[in-house]
Amino acid sequence: MKDIQSRGVQKRKKPTGTILTMDTNLMVKDQIAEALTARIKTLEKELQQRVQIETDLQELGQKYKLIFDKARDAIFIIQNDVIRFANRRARTVLGYTDEELSTTAIAELIHPKDRNLVASRHLKKLKGQKVPGTHSFRVISKTGKEIWVEHTAVRVNWEGQPATLNFVRNITKKRKLDAQLQFTARLEAIGTLAGGIAHAFNNLLMGIQGHTSLQLLDIDSKHPHYTTLKKVENAIQEGAELTQQLMGYARKGRYRSRSIAINEIIENTSRTFQKMKKEITIHRDLTQRPHAIEADQGQMEQMLLNLYINAADAMPDGGDIYLKTKNVTHRDIKSNLYEPRPGKYVMVTVSDEGLGMDKKIQHRIFDPFFTTKKSGKGTGLGLASVYGIVKSHDGYINVQSKKGRGTTFFIYLPAADKRKTKK
Ligand SMILES: Nc1ncnc2c1ncn2[C@@H]1O[C@H](COP(=O)(O)OP(=O)(O)OP(=O)(O)O)[C@@H](O)[C@H]1O
Ligand SMILES: [Mg+2]
């Protein structure tokens with residue numbers, strides 16, 4: 001009975017069971033489909049996110065690359081004493097390719113005189129010790145050019161190893177301008193002082209001169225005071241010449257600017273000088289057609305004479321002085337101290353093969369009253385007035401000298417048309 005019943009139940013339940021199984025299958029299928037759809041959606045979302053991340057990363061990469069490559073500063077990683085990763089600026093400043101940088105020891109890029117200092121700072125930085133944030137030193141480019149840089153470094157981890165991230169700025173031009181400003185400011189300050197003293201002193205001399213002349217008018221040459229008063233007059237004359245030089249330096253001298261023939265002035269002054277100094281031979285190499293220049297003839301003569309005297313003094317046993325004129329442009333004027341104004345110039349050079357000067361002396365030669373000559377021999381105003389004269393003609397002066405080898409003064413006077421356009 002149980003069997004029948006149960007069979008009966010089974011029989012009766014069978015269709016229901018089949019429906020149930022079908023339903024269940026359908027439900028499972030639905031669930032799977034749902035799950036799949038959900039999964040696909042999640043995947044799609046993930047994919048979208050991933051694409052977005054990739055785009056973001058790419059954009060970020062491009063942004064970093066842009067900043068890295070367009071930076072005006074050189075940026076690079078130093079690891080194991082070589083540059084591991086550098087931006088474009090680093091390559092252009094130093095003139096090396098990436099490969100060359102990665103195989104050149106960093107010490108080789110640094111000026112020999114600055115190597116120890118830079119190396120000890122770098123080591124300290126790697127050890128995490130405190131060092132000044134920024135410091136300056138010289139690097140040497142592939143072509144051997146000396147470049148002043150300002151350097152900042154941060155300690156980083158690069159590919160799992162300690163390294164430094166470095167920022168380097170080229171400050172060569174800035175240093176040059178600073179030096180120029182310091183140099184001109186110093187000479188300007190001394191100039192103001194010297195000019196003031198010269199002016200006051202000149203007035204006193206003129207007073208003494210007036211009274212002496214009046215006294216001389218009253219007496220004849222047999223009078224016991226005559227010779228003394230004449231000596232006073234001579235001293236006044238010498239004093240007046242001194243103040244004249246000082247005023248020249250302070251640019252307070254009288255200037256009558258007109259078109260001058262520089263070659264002719266050089267010819268005349270040097271021939272006169274040659275007659276006075278037989279032990280000196282003067283050689284002239286003057287360009288056929290120098291640019292026209294506007295200048296004060298008297299000041300030009302004073303300038304040249306001061307240079308001849310110095311050259312002759314540097315060759316006490318005699319020797320050769322070389323004079324030269326040449327047409328040049330601002331590009332031919334090489335100086336660490338200033339940027340010459342663009343244009344045409346006449347270059348005048350005065351060279352000797354005398355005692356020469358070391359760098360320390362060269363640095364001070366334009367200071368008024370700087371002299372290395374024995375007391376009573378030189379006043380130290382010669383080159384100060386030369387400097388003043390050159391400056392008041394909008395020109396430039398450079399010196400090249402080596403101890404024991406000789407000296408050359410280069411003077412650049414602007415061509416007349418250039419001076420006109422400037423004013
Ligand atoms: N051609 C030169 N060769 C070597 N040293 C020079 C030369 N010209 C100038 N000097 C140096 O520069 C210094 C300054 O020169 P500067 O003409 O201003 O003064 P000075 O010649 O000593 O005196 P002063 O010209 O007033 O009589 C000189 O004392 C000398 O040391
Ligand atoms: Mg002199």
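Residues are numbered from 1 along each chain as its sequence is written, and chains are lettered from A and ligands numbered from 1 in the order in which they are written. Because the model is predicted, local features need pLDDT of at least 70 and side-chain atom pairs count only at pLDDT 80 or more, while totals for chains, interfaces and linings use all residues; side-chain values use heavy atoms, with hydrogens and water left out.

## The mixed sheet

Helices (H or I, at least four residues) and strands (E, at least two residues) are DSSP runs numbered from the N terminus. Strands of a sheet pair through backbone hydrogen bonds, either parallel or antiparallel. Here, two strands count as paired if DSSP finds at least two bridges between them.

One open sheet has five strands in the order E7-E9-E10-E12-E11, and its pairing is mixed. Strand E7 (280-286) and strand E11 (396-402) are the edge strands; each has a single partner strand, so one side of each is left without a neighbour in the sheet. On average, neighbouring strands of this sheet are turned by 15° against each other, direction ignored. Angles run from 0 to 180 degrees between N-to-C directions, and axes are lines fitted to C-alpha atoms, for helices over the stretch in contact.

Helix H8 (residues 262-276) packs on this sheet and touches E7, E9, E10 and E12, where contact means heavy atoms within 4.5 Å. The direction of H8 makes about 170° with that of E7.

Strand E10 pairs on two sides. E9 and E10 run antiparallel and are joined by nine bridges. E10 and strand E12 (residues 406-414) are also antiparallel, with eight bridges. Asp352 takes part in both pairings: Ile321 has Asp352 in E10 as its bridge partner, and the partner of Asp352 in E12 is Thr407. Tyr345 is bridged to Pro414 in E12.

Buried means under 20% relative accessible area, exposed means over 50%, and partly exposed lies in between (1.4 Å probe, protein chains only). Eight of the nine residues of E10 are buried, so E10 is largely enclosed by the rest of the structure.

## The antiparallel sheet

A second open sheet of five strands has the order E2-E1-E5-E4-E3, with antiparallel pairing. Strand E2 (82-86) and strand E3 (134-140) stand at its edges, each with a single partner strand, so one side of each has no neighbour in the sheet. The twist averages 40° from one strand to the next. E3 and strand E4 (residues 146-158) run antiparallel and are joined by seven bridges. In this pairing, Val139 stands opposite Ile147 in E4.

## Helices H9 and H11

Two packed helices are described by the angle between their axes and the distance between the axes. For helix H9 (residues 297-313) and helix H11 (residues 382-392), the angle is about 145° and the axes are 9 Å apart. The residues of H9 in this contact include Met300, Met303 and Leu307, and those of H11 include Leu383, Val386 and Ile389.

Nine of the 11 residues of H11 are buried, so H11 is largely enclosed by the rest of the structure. Among the buried residues are Ala384, Tyr387 and Gly388. Their cover includes H6, H7, H9, E11 and E12. Just after H11, Asp394 takes a positive phi of about 60°.

## Salt bridges

Side chains of opposite charge can pair when their charged atoms come close. A salt bridge is a side-chain nitrogen of Lys or Arg within 4 Å of a carboxyl oxygen of Asp or Glu. By this rule the count is 15.

Lys176 is partly exposed, at 23% relative accessibility, and Glu339 is partly exposed, at 42%.

Lys230 and Glu233 are three residues apart in helix H7 (residues 226-249), which means that about one helical turn separates them. Lys230 is partly exposed, at 34% relative accessibility.

Elsewhere, salt bridges that share partners join Asp114, Arg138 and Glu146 into one network.
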